[in-house]
Amino acid sequence: MSCWECRGGEDAAQGSILYRILNRGALGPRGRTEPAAVQQLCSCALSNKLVSIRAPQLVFKAATEVLVKTFRFVKSVPCFRGLPAEDQLRLVRNSWAPLLVLGLVQDSVDFDTVETQQPSLLHRILTHDKDGDVRDSGVPVGDVEGIKRFLVKCRRLRISVKEYAFLKGAILFSPVTELECRDYVQELQVEAERALHEHVRTVYRGNASRLGRLRVVLNTLRCVDADAVARLFFRPVTGSAEEHVLSVFYERERSGPDVWD
């Protein structure tokens with residue numbers, strides 16, 4: 001059976017409980033419904049399937065611990081500490097999601113998901129909510145599977161501590177339009193990528209294959225959907241992911257080794 005988007009919604013609505021109640025007796029002889037095979041969802045319906053974390057509290061705690069470690073690293077970078085406070089805030093807002101995903105790789109954090117039920121059209125009408133419930137009821141399965149595949153591929157690379165540091169630097173110092181020190185930040189990003197290249201050249205004797213894989217990691221991290229990460233790991237528990245992220249960032253600075261050098 002085609003979905004709402006494929007056939008304008010008419011056929012999909014016929015499968016709802018509300019439709020059957022209002023049209024009782026109009027389903028054919030003895031109230032038969034369509035065969036099971038015909039009731040299968042089409043490909044676009046499957047692509048819109050939403051999932052959520054199976055154990056949100058446990059994964060929320062693990063993700064928060066990753067954030068704490070990540071921000072501890074960020075605050076240990078002298079050139080970050082030397083930036084104006086507003087620039088620091090903008091950089092954190094821009095980079096926390098890819099930094100978190102990279103931290104999940106480094107700390108070997110795994111998670112399982114379950115399919116979530118999207119609110120019905122009737123529910124959204126009665127609650128006067130066109131978008132909110134659907135937005136917060138889960139994350140598209142394609143986004144989640146992309147994150148999980150990324151975690152697996154990165155772990156196979158066995159990224160070293162120094163490589164993690166250079167990758168984090170390249171992500172953290174991504175120039176944002178509103179930055180007061182934008183040119184300087186861009187130089188820091190170039191320097192982080194150059195340091196990564198020199199590290200691979202020295203330790204792995206210029207292994208072009210490894211450098212290429214690490215560049216793929218970097219490019220993938222730059223494409224991370226921050227909203228999907230927020231909806232997956234934090235919003236089901238806190239309701240507001242950005243407030244939680246910033247509260248972690250503004251915690252009292254803890255001492256830790258400077259792994260940037």
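Helix α7 (residues 85–106) spans only 28 Å between its end C-alpha atoms, whereas a straight helix of 22 residues would span 32 Å at 1.5 Å a residue; the expected span is 1.5 Å times one less than the number of residues. The model is predicted, with local features requiring pLDDT of at least 70 and side-chain atom pairs counting only at pLDDT 80 or more, while totals for chains, interfaces and linings use all residues. Residues are numbered from 1 along each chain as its sequence is written, and side-chain values use heavy atoms, with hydrogens and water left out. Helices (H or I, at least four residues) and strands (E, at least two) are DSSP runs, numbered from the N terminus.

- Of the 22 residues of α7, 16 are buried, so the helix is largely enclosed by the rest of the structure (buried means under 20% relative accessible area, exposed over 50%, and partly exposed in between, with a 1.4 Å probe and protein chains only).
- S108 is placed in the loop between α7 and β2, and has a positive phi of about 55° although it is not a glycine.
- With a relative accessibility of 49%, S108 counts as partly exposed.

**The three-stranded sheet**

- An open sheet is formed by 3 strands in the order β2-β1-β3, and the pairing is antiparallel.
- Strands β2 and β3 stand at the edges with a single partner strand each, so one side of each is left without a neighbour in the sheet.
- Strand β1 (residues 50–53) pairs with strand β3 (residues 139–140) over 2 bridges, where two strands count as paired if DSSP finds at least two bridges between them.
- L50 has P140 as its bridge partner in β3.
- The pairing of β1 with strand β2 (residues 113–115) runs over 3 bridges, and I53 stands opposite T113 in β2.

**The second largest pocket**

- This pocket has a volume of about 350 Å³.
- It is lined by 19 residues, of which G146, I147, R149, F150 and T220 are the closest to its centre.
- On a 1 Å grid over the protein atoms alone, a cavity is a set of points where a 1.4 Å probe fits but cannot get out, and a pocket is an open set with protein on both sides within 12 Å along at least five of seven lines; lining residues have an atom within 4 Å of a point.
- Grid points are joined across faces, edges and corners, and a volume is the space filled by probe spheres set on the points.
- Helices α10 (141–157), α13 (208–222) and α14 (226–233) each supply at least two residues of the lining, and α10 provides the largest share, 9 residues.
- The lining divides into 11 nonpolar, 3 polar and 5 charged residues (Ala, Val, Leu, Ile, Met, Phe, Trp, Tyr, Cys and Pro count as nonpolar, Asp, Glu, Lys and Arg as charged, and the others, Gly among them, as polar).

**Individual arginines**

- R158 lies in the loop between α10 and α11 (161–172); its phi is near 50°, a positive value in a residue other than glycine.
- R158 counts as exposed, at 73% relative accessibility.
- R215 is found in helix α13 and counts as partly exposed at 47% relative accessibility.
- R215 and L196 are 19 residues apart in sequence, and their C-alpha atoms are 9.5 Å apart in space.
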